[in-house]
Amino acid sequence: MSDRNGNLIVTASPHIKGGASTNRIMLDVLIALVPAFAASIYIFGPRSALVVCVCAAACVLSEFVFEKALKRPVTVGDFSACVTGVLLGFNLPVTIPLWQAVFGSAVAIILVKQLFGGLGKNFANPAITARIIMLLAFSVTMTNWTLPDGVTGATPLTMLAKGADGLPGLKDMLLGLHGGSLGETCSAALMLGGVYLIARRVISWHTPVVFIAVVFALTAALGQDPVYHILSGGVMLGAFFMATDYVTTPMTWPGKIIFGAGAGILTAVFRVYGNYPEGVSFAILFMNILTPYTNRLTIRKVLGEKEKEK
Amino acid sequence: MRRLRGARLPHNKNTAGSAPEALPTPQIVRIPMSMHIGAPAKPVVSAGDSVKVGQLIGEAGGAVSAPVHSSVSGKVRSIDEYDPATGQKATSITIEADGEQTLFEGIEPKSIDNAEQFLDAVRESGVVGLGGAGFPTAVKLTVREGAKLDCIIINGAECEPYITSDTRTMIDDARLIKIGISLLSRFYKVESILIGVENNKPEAIGKMEEIAEGMEGVEVRRMPSRYPQGGEKVLIYNLTGRIVPEGGLPLDVGVIVLNCTTLAAIARYIETGVPLVSKCVTVDGSAVKVPKNVIAPIGTPVSDLFEFCGGLTSDAAKVLYGGPMMGVAIPGIDMPVLKNTNAVLAFRRSDAKLPPETACIRCGRCAANCPMGLAAAEIERAFLLKKKELLELYKVGLCMECGCCAYNCPARRPLVQSIKLGKAMLRG
């Protein structure tokens with residue numbers, strides 16, 4: 001028996017772990033994105049699949065190469081880079097030149113994520129930030145909207161901003177049969193994915209519900225058509241998939257409500273008063289930057305905590 | 001009333017149905033002088049002395065301390081200054097048993113007429129918190145002047161997986177618990193005595209309801225089987241709605257919590273005069289061939305327990321004092337059974353190896369599942385950054401180390417370890 005004495009494993013408690021894992025969470029996010037991915041192929045054709053796959057592959061490769069180059073443990077197996085790639089792809093027009101998609105992917109993973117220390121350390125959402133950088137760098141190709149029928153035209157938001165006629169019907173808005181970034185148009189598919197994530201307890205309802213409700217209320221108050229505002233542009237994609245990113249949004253539920261409300265207000269304000277017809281990315285990035293402070297502001301009261309003596 | 005969070009764990013109460021079996025007297029016992037919180041006991045015997053079962057071998061070393069008694073009859077072989085397993089300074093007395101188990105002369109039932117005698121008896125019994133904490137029970141039962149005690153809670157939650165020794169106490173020693181409760185209601189003027197049991201122990205609940213019947217103010221409370229139901233602050237909150245203040249004691253909100261086995265041990269001492277010299281221990285885990293409840297003399301090497309339970313599998317890799325959530329991994333199987341050892345678990349290598357840790361993704365599950373409302377991820381970050389002021393801001397001191405955060409962590413961060421180290425950092 002004594003030979004076993006030296007060989008026992010001694011670690012701090014607890015000695016058992018639950019089933020949750022980072023890659024299972026990321027896999028759930030990918031599963032939740034499948035309906036919108038399928039819809040984008042149906043709406044915009046097979047090039048949609050090409051763009052998303054190129055982004056995902058470029059993100060994973062960027063992470064792999066960066067980590068290899070810095071002799072860090074390779075973490076592509078956690079699927080987080082793949083999620084970033086798919087989300088970035090969803091935020092691009094289907095006509096985007098592939099080299100630009102690759103550039104954006106490298107920006108997302110290397111500049112926004114890895115240079116800040118990798119998974120869990122970045123303060124801004126990699127896909128959102130990469131999209132904003134691409135929008136500024138490639139403003140022509142990034143706003144080259146192709147409609148489902150193959151001709152180039154305006155997104156519903158552009159039409160709303162310019163007061164133009166020809167808005168698609170409500171059913172087409174839900175199904176995504178209109179211009180826009182390839183993964184953001186099919187609101188129904190995105191909501192389906194969002195409900196899946198809430199049901200799997202991957203995300204909580206607080207951020208998306210408050211985000212969408214605030215956009216709805218505020219655009220209505222500003223005299224706009226609120227239904228078109230929540231169903232078009234990046235609201236659904238942003239609310240369910242980007243504003244719920246663990247790393248760059250608050251951990252506490254009051255913080256999540258603040259994040260959702262803030263992003264909703266900024267989206268409405270940017271859309272109604274800004275130069276760009278869309279404002280979701282800017283709103284989320286803005287709230288990302290505030291996240292450490294939102295967390296600090298909303299520390300949960302501990303059971304039995306003494307009030308601070310002044 | 002806010003619902004406290006926790007973790008849904010596999011129960012693994014494999015031994016709940018097996019009545020404890022008495023271990024044959026071990027050849028040798030090593031009895032540490034510090035099996036409780038507070039000052040270690042001082043040895044009152046020397047090497048070569050003959051001792052008998054129940055004889056005092058270590059007297060209480062201070063106000064917060066507890067006496068230690070011999071668990072076997074035999075001869076003191078040595079008094080060691082150092083723990084052979086950890087190398088730390090910790091006195092222990094090694095006794096060679098003669099196998100006779102002769103009772104010490106003068107052991108007789110105690111007659112208790114007043115609260116003072118009761119408290120003296122508790123002090124002499126050597127009983128400490130047997131739920132695991134090991135806090136000297138006499139100190140806990142000393143109600144300071146001005147405290148408004150109105151409720152005593154008997155803790156039969158036993159929320160840790162595997163452990164069933166309290167379950168067995170409630171089933172097999174219900175009579176002793178009843179005697180204990182009568183003593184408490186005689187000497188403590190409380191409005192209610194609540195027996196809290198998790199609802200995964202129907203037989204124990206039945207027994208407790210039987211003894212509670214006809215006792216005024218005594219009530220059995222079924223609780224959901226959600227870890228850490230048996231944590232003192234959690235139990236008090238769930239049964240009374242009262243919140244123990246930061247840095248305070250249950251008595252500050254008028255409550256004393258006693259583990260059910262602790263109460264039974266006190267009753268046994270008063271009934272027979274035999275102090276706390278043996279303990280019912282659950283022996284289980286994937287590396288134990290025949291899991292059992294075993295009554296073992298205190299100081300018995302845990303290797304004897306495993307042998308009694310069919311031995312260990314060849315790939316046994318981790319041995320715990322206590323349950324898998326809060327238990328302490330021990331370095332060797334020659335470690336002794338302590339007063340507050342309620343289980344000894346052994347796990348095979350495949351179960352003992354935890355998945356590798358990855359980066360925190362700030363998902364917030366640690367905070368969402370903390371019964372106390374702490375944010376373990378923030379505490380860990382504060383610890384890694386060595387920021388004492390952040391550790392204080394996030395109230396590391398209020399953590400009871402139940403492990404719900406680490407259990408639920410998808411990145412498998414060693415959160416409890418960081419918290420323990422964070423507390424140590426604050427202590428300086």
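## Domains of chain B

Chain B is divided into domain 1 (115-272) and domain 2 (365-427), with bounds that come from an automatic or database domain assignment. The C-alpha centres of domain 1 of chain B and domain 2 of chain B lie 29 Å apart. Their contact takes 6 residues from domain 1 of chain B and 5 residues from domain 2 of chain B, where two residues are in contact if their C-beta atoms, placed from the backbone, lie within 7 Å. On the side of domain 1 of chain B that touches domain 2 of chain B, 3 residues are nonpolar, 1 is polar and 2 are charged. In this classification Ala, Val, Leu, Ile, Met, Phe, Trp, Tyr, Cys and Pro count as nonpolar, Asp, Glu, Lys and Arg as charged, and the others, Gly among them, as polar.

## Basis of the model

This is a predicted model, in which local features need pLDDT of at least 70 and side-chain atom pairs count only at pLDDT 80 or more, while totals for chains, interfaces and linings use all residues. Residues are numbered from 1 along each chain as its sequence is written, and chains are lettered from A and ligands numbered from 1 in the order in which they are written.

## Contact between the chains

The contact between the chains takes 53 residues from chain B and 34 residues from chain A. On the chain B side, H6, strand S15 (316-321), helix H10 (365-368), helix H13 (404-408) and helix H14 (415-427) each supply at least two residues; helices (H or I, at least four residues) and strands (E, at least two) are DSSP runs, numbered from the N terminus. The largest share of this side, 5 residues, comes from S15(B). By class, the side of chain B that touches chain A has 34 nonpolar, 9 polar and 10 charged residues.

## Helix H6 of chain B

Helix H6 (residues 232-240) of chain B is largely enclosed by the rest of the structure, because 8 of its 9 residues are buried. A residue is buried if 20 or more other C-beta atoms lie within 10 Å of its own, exposed if 12 or fewer, and partly exposed in between, with C-beta atoms placed from the backbone. The buried residues of H6(B) include Val234(B), Leu235(B) and Ile236(B). They pack against strand S9 (151-156), strand S10 (192-198), strand S11 (218-223) and strand S12 (255-259) of chain B.

The loop between S11 and H6 of chain B holds Pro228(B), which a cis peptide bond joins to Tyr227(B), with omega about 0°. Just after H6(B), Gly241(B) takes a positive phi of about 75°.

## A helix pair in chain A

Helix H2 (residues 22-44) and helix H3 (residues 47-69) of chain A pack at an angle of about 135°, with their axes 7 Å apart. The axes are lines fitted to C-alpha atoms, for helices over the stretch in contact, and angles run from 0 to 180 degrees between N-to-C directions. H2(A) and H3(A) are therefore oblique to each other: angles under 35 degrees count as roughly parallel, over 145 as roughly antiparallel, 65 to 115 as roughly perpendicular and the rest as oblique. Among the residues that make the contact are Phe37(A) and Phe44(A) of H2(A) and Val52(A) of H3(A).

## Two residues with positive phi

Lys71(A), in the loop between H3 and helix H4 (80-90) of chain A, has a phi near 55°. Lys71(A) counts as exposed, with 7 C-beta neighbours inside 10 Å. Asn12(B) has a positive phi of about 50°, and it is buried, with 20 other C-beta atoms within 10 Å.
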